[in-house]
Amino acid sequence: MKIIVCVKQVPDTWAEKRLDPATSRLDRASGDAVLNELDEYAVEEALRIAEATAGSVTVVTMGPERAAEALRKTLQMGADAAVHLLDERLAGSDAVGTSYALATLLAAREFDLVLLGSESTDARTSLLPAMLAERLGLPQMTFAAQVEVDPVARTVRIHRQTEAGYDVVEGSMPAVVSVVEKINEPRYPSFKGIMAAKKKPLETVSLADAGIDPEQVGGDHAWSAVVDFAQRPPRGAGVVVSDDGQAAHQLADFLAAEKLL
Amino acid sequence: MSSDQSSAGAKGPAKAAIDPLDFVDTRALLSGEERAITDTVRRFVDDKIVNRVGGWFENGEFPAREIAPQLGEIGLLGMHLDGFGCAGTNAVSYGQACLELEAGDSGLRSFVSVQGSLAMFPIRAYGSQEQCEQWLPPMATGSTIGCFGLTEPDSGSDPGSMRTRARRDGSDWILNGRKMWITNGSIADVAVVWAETDEGVRGFLVPSGTPGFGQYQIHQKMSLRASDTGELVLDDVRLPDAAVLPGVHGLRGPLSCLTEARFGILFGALGAARASYAAARSYAMERQQFGRPIAGFQLTQAKFASMVSALSQGTLLALHLGRMKDDGRLAPDHVSLGKMSNVRTALDICRLARTILGANGISLEYPVIRHMTNLESVLTYEGTEEVHALVVGKAVTGLDAFR
Ligand SMILES: Cc1cc2nc3c(=O)[nH]c(=O)nc-3n(C[C@H](O)[C@H](O)[C@H](O)COP(=O)(O)OP(=O)(O)OC[C@H]3O[C@@H](n4cnc5c(N)ncnc54)[C@H](O)[C@@H]3O)c2cc1C
Ligand SMILES: Cc1cc2nc3c(=O)[nH]c(=O)nc-3n(C[C@H](O)[C@H](O)[C@H](O)COP(=O)(O)OP(=O)(O)OC[C@H]3O[C@@H](n4cnc5c(N)ncnc54)[C@H](O)[C@@H]3O)c2cc1C
């Protein structure tokens, strides 16, 4: 089976994130950048399916130059090839533009399955998997906590995680599947994987190469715009609850007031 | 729900230019591949070791059969060797891996040092094709565990005085003697045993279960408790000629292995130091005495300044020696200097860190006392601090002060 995984490089999950006042965009230049955590799970699942079906895994990202680091990490984990959609005019694309660009890139390629993480830790929209499926006209199977493929019948069956439990959803291949954390435990890149990654193909593709219309991508063509933003007010002093027999009630009231219960 | 004192002071978007745990940005000196290897080991240690190792230390155990296959899967066992299932990384990567392992525990790093540098290295360097094919692939995956027997009850710093003897009997060899303080000794599937023969010191591969070969655990240790240390007893052990390492005669054999392992230690010890320093730092930011965090006192800050400069210097030395090794310019004297200097540095850092934790500094709930006492073994094994001082002193003066 041929599997494509879409990944994103995001600012380090634990680092403080910052908006650039000049562009109202996330400042991606400062600080460490990492492979979006849920995308690691998608890569892991792709590798497992490929190992079981003698298939191949190609990883795709759209992002600035340094996003190649995230691709290299997936090659170290064991992916076979990587494609970097890199073009200045893509900067500032919203989910609509991103899904258009990726769908155009993917439509020209052969695949049985597209895997994605169900959300990125920076924008956190969870929109891309659904939009991508829609644009490609393929079954969209999101929030998968388990994926089973039948290469002969050409079907995919997932456990779609819901608040109550899970739904079993079946679709035909090719399909677009997004995964949740529960699905697996991503492997550590082994030393052999790390050393082999250098020799694997990492292709860089421009808008023109991929036949992507520059008028439909980038910040200037985004459907939504950031009008204004403000710093979150500093965290105020907390409340100390001392246990005079009522502490449990006070805690429960607090949790209820914060809508955590 | 108590007020968060530490974040109240840190306001504004200003990015800290300084990483307190890597003050002079030594990470920038690593290649992409070296960083990836470092990160893999760090993540493994954080996920699989850190939460459990205090308990192992307390109980005096190391679950080698559980952990070794995981180390093998990552590629840590014999990582700097070529072929026979080994990853074949460069020397700096090997050093970095040792550092990250020892940030977990010196016992864990010792396991990997012994397996890779003391047991697999001599087989790779001096073994026959058949010996390499038989032993190296399962040792690389961690299904077979090795050990290295040089030290004896009456022969430590002066291995030339060893009493273990091997004599020929037809085409076989007969071994007699005792080996002491052998890491992985009681659990090993194969021991590389160095013995005196009529042809000088030679290395033998002794499989566990060979008649006359006894393996016993050493108890009552106060250091390196999360590591097996054993005694090997060789009582008329009969081995075929195929068990002797054909490629080396004389003390050069075991000493070359030790140079490999020591190279890992001069990085590794800094891992223990970094972990202790990190623990002291986070403790000091939280711990309040006299109405404020103890990190705010000048004496505590002087300790941090001293620790972080020593750690930075040690790391730069290690990386420099690593580059020299990768360039083929590293002499055993360089390794002696690095081992002596960095283990001492690490021990001093751990002792300072320990004071910052007050009474908690002697508790296994924190990693510091464990690292500190572990380093007492690291100071002694692979050549004591004094012996390395003599090696350096000889290189400096040309005068031999050993005897
Ligand atoms: C936890 C642990 C694990 C070990 N694992 C292994 C292993 O896997 N394989 C193995 O073969 N060995 C192993 N060892 C043994 C270790 O290598 C020896 O302990 C070390 O070489 C020192 O030898 P010794 O203990 O006999 O001390 P000694 O040689 O008796 O030294 C005692 C003291 O005298 C000093 N001294 C000796 N000679 C001189 C001199 N000429 N001038 C000045 N001072 C001198 C030493 O520096 C030291 O301070 C291990 C030891 C420990 C503690
Ligand atoms: C085995 C053991 C037995 C003990 N038995 C007893 C006992 O029987 N009875 C009892 O009451 N206590 C006992 N103690 C507690 C002991 O007295 C305390 O550990 C000691 O007073 C230090 O306090 P602390 O551990 O809270 O460290 P802290 O006071 O938190 O000190 C931590 C670090 O901060 C430093 N520091 C603190 N204030 C300052 C400052 N103003 N300027 C610069 N540096 C500062 C300290 O020197 C230390 O390095 C025992 C401790 C141990 C380890």
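**Burial and the basis of the model**

A residue is termed buried when its relative accessible area is under 20%, exposed when that area is over 50%, and partly exposed in between. The model discussed here is predicted.

By this criterion Glu382(B), at 11% relative accessibility, counts as buried because its value is under 20%. Glu382(B) is located in the loop that connects helix H10 (368–380) with helix H11 (385–397) of chain B.

**Nonpolar cores**

In soluble globular proteins, nonpolar side chains tend to be buried together. The largest nonpolar core in this model comprises 101 residues. Those with the most contacts inside this core are Phe191(A), Leu71(B), Leu76(B), Phe111(B) and Trp194(B). Helix H7 (residues 252–286) of chain B supplies the largest share of the core, namely 16 residues.

Val24(B) counts as partly exposed because its relative accessibility is 42%, a value between the 20% and 50% limits.

His80(B) occupies the loop between helix H3 (64–74) and strand S1 (82–83) of chain B. With a relative accessibility of 16%, His80(B) is therefore classed as buried.

The side chain of His80(B) makes a polar contact of 3.2 Å with that of Glu260(B). When neighbours within four places in sequence are left aside, His80(B) is in contact with Gly88(B), Thr89(B), Tyr94(B), Gly116(B), Ser117(B) and Glu260(B).

**Backbone geometry**

Most residues other than glycine have a negative phi, and most peptide bonds are trans. Which bond is cis, and between which residues? The peptide bond from Met173(A) to Pro174(A) is cis, with omega near -5 degrees. Pro174(A) is placed in the loop between strand S11 (166–172) and strand S12 (175–179) of chain A.

Positive phi values occur at two residues described here. Asp236(B), which is not a glycine, has phi near 50 degrees; this residue belongs to strand S9 (residues 229–239) of chain B and is partly exposed, with a relative accessible area of 48%. Glu382(B), also not a glycine, has a positive phi of about 60 degrees, and this residue is buried.

Key
Residues are numbered from 1 along each chain as its sequence is written. Chains are lettered from A and ligands numbered from 1 in the order in which they are written. This is a predicted model: local features need pLDDT of at least 70, side-chain atom pairs count only at pLDDT 80 or more; totals for chains, interfaces and linings use all residues. Side-chain values use heavy atoms; hydrogens and water are left out. A nonpolar core is a set of buried Ala, Val, Leu, Ile, Met, Phe, Trp, Tyr and Cys residues joined through side-chain atoms within 4.5 Å. Buried means under 20% relative accessible area, exposed over 50%, partly exposed in between (1.4 Å probe, protein chains only). Helices (H or I, at least four residues) and strands (E, at least two) are DSSP runs, numbered from the N terminus. A polar contact is a pair of N or O atoms within 3.5 Å; within protein, one must be able to donate a hydrogen and the other to accept it, and residues adjacent in sequence count only if both atoms are side-chain atoms. Contact means heavy atoms within 4.5 Å.
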